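Have the model open alongside the text.

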Amino acid sequence: MKSNQTQKDFLHNEFLVEEDLLDLILYNDDFNTFDFVIKSLVNLCKHEVIQAEQCAHLVHYTGKCGVKRGRFHDLRPICEALLERGLTAKIE
C-alpha cells in the first residue's frame, strides 16, 4: 500500500464487497432423500461429494444449512433450480 488513504480505500472497498454477499440456505423437508439432496448440491452448487454430504446432514439435523455464498444474481439461478427439484431453498 502506498499511503494510509489507499489502505483505507482498500479496506472500505473490501467491506462493501462483503456486504454484497448473501447466503443460499437449504431447508429440511420430509420427502427428499439424502442421495437426492447430495446429487443436487454436487450438480447445482458444484460441491465436492463430501461437502454435499456434510450439508445434507446439517440440513437434516439442524433444519437448514448455508450451501452457497455469493451475490444475489449468482445465487438466484441456483436457488430456482433447487426449488424446481422440489427442495426448499431461500436466499438470505
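The axes of helix 2 (residues 34–45) and helix 3 (residues 49–62) come within 9 Å of each other and cross at roughly 130 degrees. Helix 2 is therefore oblique to helix 3. The crossing of helix 2 past helix 3 is right-handed. This is a predicted model.

On the helix 2 side, the contact is made by Phe-34, Val-37, Ile-38, Leu-41 and Val-42. They meet Val-49, Ala-52, Glu-53, Cys-55, Ala-56, His-57 and His-60 of helix 3. By class, this contact has 9 nonpolar, 2 polar and 1 charged residues.

Next, the core. The largest nonpolar core has 21 residues. Leu-24, Leu-26, Leu-41, Val-67 and Leu-82 touch the most other members.

What does Leu-24 contact, leaving aside its neighbours within four places in sequence? Its partners are Cys-45, Cys-65, Gly-66, Val-67, Lys-68, Leu-75, Ile-78, Cys-79, Leu-82, Ala-89, Lys-90 and Ile-91.

Last, the loop. Asp-20 sits between helix 1 (4–19) and strand 1. Asp-20 has a relative accessible area of 43%, so it is partly exposed. Not counting residues up to four places away in sequence, Asp-20 touches Gly-70 and Arg-71. Asp-20 and Arg-71 are 51 residues apart along the chain, yet their C-alpha atoms are separated by 6.1 Å.

How values were computed:
Residues numbered from 1 in each chain as written. Predicted model: local features only at pLDDT ≥ 70, side-chain atom pairs only at ≥ 80, totals over all residues. Heavy atoms only, no water. Axes fitted to C-alpha atoms, helices over the stretch in contact; angles between N-to-C directions. Helix = DSSP H or I, 4+ residues; strand = E, 2+ residues; numbered from the N terminus. Parallel < 35°, antiparallel > 145°, perpendicular 65-115°, else oblique. Left-handed = near helix turned anticlockwise from the far one by under 90°. Contact = heavy atoms within 4.5 Å. Nonpolar A, V, L, I, M, F, W, Y, C, P; charged D, E, K, R; others polar. Core = buried A, V, L, I, M, F, W, Y, C linked by side-chain atoms within 4.5 Å. Buried < 20%, exposed > 50% of the residue type's maximum accessible area, 1.4 Å probe, protein only.
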